[in-house]
2 protein chains.
Amino acid sequence: MCGSHHHRSHREHCGRTRRASSFLEAWLLLLLKDDAAHGYELLDRLRQNLTGGLCPDPGTVYRNLRRMEEEGLVASTWELRDAGPPRRLYRLTEQGEELLQAWAAHVEECRAGLDRFLEVYHQMNRSADEE
Amino acid sequence: MCGSHHHRSHREHCGRTRRASSFLEAWLLLLLKDDAAHGYELLDRLRQNLTGGLCPDPGTVYRNLRRMEEEGLVASTWELRDAGPPRRLYRLTEQGEELLQAWAAHVEECRAGLDRFLEVYHQMNRSADEE
DNA sequence: TGCTGATAGGTGCATAGTACACTTAGGAGG
DNA sequence: CCTCCTAAGTGTACTATGCACCTATCAGCA
């Protein structure tokens, strides 16, 4: 479970330690599977997709993309344009696609955990009402 | 939204910053709503409830409980027994119960986010199959 | 020419939260 | 006496993030 190439020490979620929290990496892989894009655009797409309009700041997104490239999950090329500053265009690699699959499995697990929480929570409220 | 007493700076999830990741605080509040308990027992109950048997280590749980007491979410009393070492028995406070409600709302939001992720993911795979 | 604003991609620093290893302590059983 | 189980911690290193800030390109405009 959770594609486990280049193994790291301790508690892993999809090959990383605490990367699991915001699912930023997962979203980036997903968005890039849909279509190659540059960081600024991904930031926009994240804002549309992330719940509550809450979104990691630009620095975090750019840093994550650079790291993911180092790890071979994405690849980038500079796109020089007439209009506007050059962009770093990212695309998903095969490794990235594999990891995305692992992420999907992990996300399902997490959702099951949240379901469990809500189930217990609501059941508790129901039995409190009956008293 | 998200019970906002003693307000803190920046991006808050239920009054805390990155506390949202593992939902440890939420689970502790939930388990303590069910019944008062000491840390060691909560650790056990967490192992049963957390997905994949993955569970924060004892140090993390104890530290979180102490912090939560400082913040007035839980209250503790020492329970001296004939058999075994003394235990710190925690119970939920009213403030804690209020925050639990906020957490439940937040958890539902997060689940919706994961649903959205999986929806996009599966839809992408479906359309890839059709090609 | 100079200014502002949008686009684009970053860096530096402080802070939060956790994992891992370790410690303390009581009591039970050999 | 030694070991194990219960119970509650502490110390330290490390990761990931938020916030503030910087650089650069180009467009529009006075």
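This is a predicted model: local features need pLDDT of at least 70, side-chain atom pairs count only at pLDDT 80 or more; totals for chains, interfaces and linings use all residues.
Trainee: Which pattern of helices and strands does chain A follow along the sequence?
Mentor: Chain A holds four helices and three strands. Residues 24 or more positions apart account for 51% of its contacts with a separation of 6 or more. Read along the sequence, the pattern is α-β-α-α-β-β-α.

Trainee: How much of chain A counts as buried?
Mentor: The cut-off for buried is under 20% relative accessible area. Chain A has 131 residues, and the share of them that counts as buried is 40%.

Trainee: By what turn can chain A be laid on chain B?
Mentor: The superposition of chain A on chain B gives an RMSD of 0.0 Å, with a shift of 0.0 Å along the axis and a turn of 180°. The two copies are thus related as by a two-fold rotation axis. The turn asked for is 180°.

Trainee: Why can one say that the copies meet through the same surface?
Mentor: The interface residues of chain A can be looked up among those of chain B. The copies meet through the same surface because the share of chain A interface residues that are also interface residues in chain B is 100%.

Trainee: Which residues touch the most other members of the largest nonpolar core?
Mentor: In soluble globular proteins, nonpolar side chains tend to be buried together. The largest nonpolar core here has 66 residues. Those touching the most other members are A:L29, A:L46, B:L29 and B:L46.

Trainee: Is B:L29 buried or exposed?
Mentor: B:L29 sits in helix α1 of chain B, residues 24–34. Beyond four places in sequence, it touches B:M68, B:L73, B:V74, B:L92, B:G96, B:L99, B:L100 and B:W103. B:L29 and B:L99 are 70 residues apart in sequence, with their C-alpha atoms 8.3 Å apart. With a relative accessible area of 0%, B:L29 is buried.

Trainee: Which element of chain B do the buried residues of α2(A) pack against?
Mentor: The buried residues of α2(A) are A:G39, A:L42, A:L43, A:R45, A:L46 and A:N49. Within chain A, they pack against α1, β1, α3 and β3. From chain B, the element they pack against is α4 (94–130).

Trainee: Which residues does A:A104 touch, leaving out those up to four places away in sequence?
Mentor: A:A104 is found in helix α4 of chain A, residues 94–130. It counts as buried, at 3% relative accessibility. Its C-alpha atom is 9.4 Å from that of A:L30, which is 74 residues away along the chain. The residues touched by A:A104 are B:F117, B:L118 and B:Y121.

Trainee: What is the relative accessible area of A:H106?
Mentor: Helix α4 of chain A also contains A:H106. A:H106 is buried, and its relative accessible area is 5%.

Trainee: Which element gives the largest share of the lining of the second largest pocket?
Mentor: The second largest pocket has a volume of about 200 Å³. In chain A, α2 (39–49), α3 (58–70) and β3 (87–92) each supply at least two residues of its lining. The largest share, three residues, comes from β3(A).

Trainee: How many residues of that lining are nonpolar, polar and charged?
Mentor: The lining of the second largest pocket includes A:H38, A:Y40, A:Y62, A:W78 and A:Y90. Also among the lining residues are A:R66, A:R81, A:R87 and A:R88. The lining divides into six nonpolar, two polar and four charged residues.

Methods
Residues are numbered from 1 along each chain as its sequence is written. Chains are lettered from A and ligands numbered from 1 in the order in which they are written. Side-chain values use heavy atoms; hydrogens and water are left out. Copies are superposed by least squares on the C-alpha atoms of residues with pLDDT of at least 70 in both. Contact means heavy atoms within 4.5 Å. On a 1 Å grid over the protein atoms alone, a cavity is a set of points where a 1.4 Å probe fits but cannot get out, and a pocket is an open set with protein on both sides within 12 Å along at least five of seven lines; lining residues have an atom within 4 Å of a point. Grid points are joined across faces, edges and corners, and a volume is the space filled by probe spheres set on the points. Ala, Val, Leu, Ile, Met, Phe, Trp, Tyr, Cys and Pro count as nonpolar, Asp, Glu, Lys and Arg as charged, and the others, Gly among them, as polar. A nonpolar core is a set of buried Ala, Val, Leu, Ile, Met, Phe, Trp, Tyr and Cys residues joined through side-chain atoms within 4.5 Å. Buried means under 20% relative accessible area, exposed over 50%, partly exposed in between (1.4 Å probe, protein chains only).
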